[in-house]
Amino acid sequence: MTVPHPAPASRRALMRSAVRGHLPALSLILGVALLGSVAEALTPAAIGAVLNAATGGEGLAAGPVGVLAALVVVAIAASVWRYGASSRLRVKVAFQLKRRLGLAVAGRARAISREVSPGELATAMTSDTDAIAGYPGALIQLVASVVAFAVVAGYLLTSSLLLGAIVLVGVPLLMWATTRVAEPLEGRQREQRMLLGRLGDLGSDIALGLRILRSIGAEHAFRARYRETSRQARVAGTGIAGTEALIEAAKLLLPGVLLILVTWVGARLVLRGSIEVGALVAFYAAAAYLVEPLGALAGFVTTRARSRVAADRVLRALSVVPTAWPGTGTAATGDLRDGSTGVEARAGELTVVAIGDDRDAGALGARLAGLDPLDAVTTTIGGVPMAELDRSALRRLVRLHGAEPTLFSGTLRANVDPGAAAPDDAVAGALATAVATDVVDALPDGLTTVVGAQARTLSGGQRQRVALARALLDAPAYLILVQPTTALDTVTEVEVCARIRDRRAGLTTVVITTSAAFLEAADRVILLAGGAPVGGTHAELLASDENYRALVARDNA
């Protein structure tokens with residue numbers, strides 16, 4: 001399967017934007033890296049000078065020894081500082097990317113969700129941003145190593161033209177061989193990332209729908225799909241590991257061959273009297289140092305492949321352009337109408353829409369809330385298309401409570417009042433309407449109790465009531481509730497229904513459900529069963545519509 005990915009220019013633009021504002025720090029890190037690498041590259045020459053002085057009868061002369069000590073100190077100090085500064089910069093760049101991606105998701109959540117799966121988005125937000133942030137450090141290391149290689153090659157050329165020529169020809173050949181070995185890496189990493197994203201999506205589907213899968217006997221099929229995708233991801237990961245192992249082997253084997261060659265040629269030159277013993281030791285140390293440029297190249301190639309694959313995934317989310325929202329209006333009143341189905345909720349009433357399919361229920365709720373700009377053109381309030389309203393004004397006017405209760409990591413109060421703008425009595429009132437006061441009372445610190453992501457320490461019914469309290473807070477003029485009581489027992493459901501009816505008196509409320517409690521309490525019930533919507537009271541529809549009777553009997557058996 002071919003995985004589409006953005007153009008290289010887009011990747012470069014992403015990286016430039018990520019490091020923008022950090023250029024002074026990058027320049028300083030590069031300067032220190034160059035200083036340290038040059039000091040390391042000159043160390044073999046200093047060692048040779050010390051040995052030549054010692055074997056020439058001069059003893060351990062203070063000059064050569066002092067130079068060697070200074071080079072060692074500079075190399076160590078520069079290396080320590082550079083690695084610390086690079087780590088701090090990597091964290092800052094990764095945070096900047098995470099923040100940018102998070103803001104994009106927050107502002108374009110619906111559009112992005114159509115293009116990027118939740119598994120891919122989670123990977124992009126975590127490991128992919130870290131992979132991209134590691135690229136500048138790897139590039140700096142490569143540049144510093146190449147400069148050091150030039151210093152070593154220059155030293156060898158001035159000491160022995162033959163040895164210098166071997167290094168000048170050999171090292172570029174070894175670097176070319178290393179890049180050839182690494183060529184398949186990016187494609188294999190892209191394939192594995194795609195499979196890991198698909199694996200995350202399958203795991204999420206199974207976790208969220210396990211009860212449904214078991215009820216229809218489909219858990220075995222999903223398990224087989226998960227196992228097969230896991231196997232494919234494992235095979236792709238093994239391919240990546242094999243390529244990286246070859247790179248590591250080349251990083252050690254190829255410089256070793258060059259080291260043997262340089263040492264052998266140098267030894268013959270010593271026997272002929274062409275060079276001194278100290279120079280031979282310096283050549284050996286210099287040749288051994290050439291492992292550093294090759295190691296830097298191998299690390300750069302691996303990091304570049306990872307960062308390019310990661311950048312493709314991040315760019316997929318960042319490049320999603322939502323449909324423009326043209327509206328500028330600030331207010332609207334009247335009946336709420338869905339242009340797609342013709343469902344109409346009268347202003348100031350409690351309207352219940354009975355739909356047999358959960359997916360249709362969620363889609364209707366999203367249309368009535370005007371989440372999609374295309375739907376907002378046909379969904380109207382008092383005859384005014386939602387698209388003519390300012391988006392922020394529309395969100396204050398209309399609130400949607402979905403079927404899946406979403407809670408966040410933080411205090412229980414923050415889950416009910418995320419904006420921290422409501423007074424305590426308003427929060428208490430919303431909790432009371434949702435019959436969630438007992439949830440607060442049962443927690444050790446009440447509203448200040450910290451719950452984890454999705455509040456898994458709470459039961460399904462408790463989570464549903466807390467999320468419902470958040471939807472009821474601030475009394476929005478139009479409230480759409482999609483299956484708000486599916487996890488509640490009958491007694492609690494009846495109590496929640498009665499309290500919502502009382503609290504929302506005079507306000508427009510649409511409840512998409514087949515709950516008997518809401519159907520009986522509704523001012524008007526609308527049956528949506530594939531054709532035109534049929535409206536009336538609960539009693540009227542029971543008496544006149546066979547489809548309605550069958551739906552109520554099925555869902556309240």
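Predicted model: local features only at pLDDT ≥ 70, side-chain atom pairs only at ≥ 80, totals over all residues.

Q: Then is A138 buried or exposed?
A: A138 has a relative accessible area of 14%, so it is buried. You'll find A138 in helix α6, which covers residues 135-159.

Q: What does A138 touch, leaving out residues up to four places away in sequence?
A: Its contacts are F300 and T303. Look at L297 too: A138 and L297 are 159 residues apart along the chain, but their C-alpha atoms are separated by 8.6 Å.

Q: How do I read a nonpolar core, and which residues touch the most other members in the largest one?
A: Think of a core as buried nonpolar residues joined through their side chains. The largest one here has 42 residues, and L431, L468, L481, I500, L519 and Y548 touch the most other members. Helix α18 (residues 460-472) gives the largest share of this core, six residues. Apart from it there's another core, of 39 residues, with F300 and A33 among them.

Q: And how do I read a sheet?
A: Strands of a sheet pair through backbone hydrogen bonds, either parallel or antiparallel.

Q: Which residue in β2 does R337 stand opposite?
A: That's E344. Strand β1 (residues 336-337) is joined to β2 by two bridges.

Terms used:
Residues numbered from 1 in each chain as written. Heavy atoms only, no water. Core = buried A, V, L, I, M, F, W, Y, C linked by side-chain atoms within 4.5 Å. Buried < 20%, exposed > 50% of the residue type's maximum accessible area, 1.4 Å probe, protein only. Helix = DSSP H or I, 4+ residues; strand = E, 2+ residues; numbered from the N terminus. Contact = heavy atoms within 4.5 Å. Pairing = 2+ DSSP bridges.
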